[in-house]
Amino acid sequence: MHYITELLNDVNSATQDAGFEFDGVWVTDPTVSLCGRFDYTKKESLNAYGISSEKYDALTAKSKIKWTDFSYGNDACPSIGFDLDGSGENYVQLFAFASQEDANAEGLDVYGITVCVNGDTSYDEWSGNDRDEAIAKASNKAFDTIIKGQPDETN
């Protein structure tokens, strides 16, 4: 499996793993019943699952995050990204070199995050060499983009 496909799968899994256990079932989308056949309103979900309004809001936001391959032919390395509204104006992009050696050849860290809010791009939002940290940071930036309409500078 190509390393960027593996990263894409891992980031999507990390994003979707957020949830809670209810009657022995791991729930990641509180807008549907346990069997998945019935849609719940927010009020129905809060009553059925006994979760807080904040937990409901966070889980429904995370269920909207879908990472895709964002690689461009002229980039120094492949990338994955989350586009909030499909406009190309509000997105989080995670660049990833195949190896530390490849990153060193470009004078960069292995992972780097770019964030664009309303067309204003921050190319150096975060960079580092730890894969798990990169996944966590990118996931947090995408979550903040949905919740606040823009990424939180502290994540």
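## Strand S4 and its sheet

Of the 5 residues of S4, 4 are buried, so this strand is largely enclosed by the rest of the structure; buried here means under 20% relative accessible area, with a 1.4 Å probe and protein chains only. The strands named here are DSSP runs of E with at least two residues, numbered from the N terminus.

The model is a predicted one, in which local features need pLDDT of at least 70 and side-chain atom pairs count only at pLDDT 80 or more, while totals for chains, interfaces and linings use all residues. Residues are numbered from 1 along each chain as its sequence is written, and side-chain values use heavy atoms, with hydrogens and water left out.

An open sheet is formed by 5 strands in the order S3-S4-S5-S6-S7, with antiparallel pairing, where two strands pair if DSSP finds at least two bridges between them. Strand S3 (68-69) and strand S7 (120-128) stand at the edges with a single partner strand each, so one side of each is left without a neighbour in the sheet.

| Strand pair | Sense | Bridges |
|---|---|---|
| S3 and S4 (residues 79-83) | antiparallel | 2 bridges |
| S4 and S5 (residues 91-96) | antiparallel | 5 bridges |

Within S4, Gly 81 stands opposite Thr 68 and also opposite Gln 93 in S5, whereas Ile 80 stands opposite Asp 69.

As for confidence, pLDDT (the predictor's confidence in each residue, from 0 to 100) averages 88 over the chain, and 93% of the residues score at least 70. Over residues 150-155 pLDDT stays under 50, and the model has 16 contacts beyond four places in sequence for them, a contact being heavy atoms within 4.5 Å.

Key:
Buried means under 20% relative accessible area, exposed over 50%, partly exposed in between (1.4 Å probe, protein chains only).
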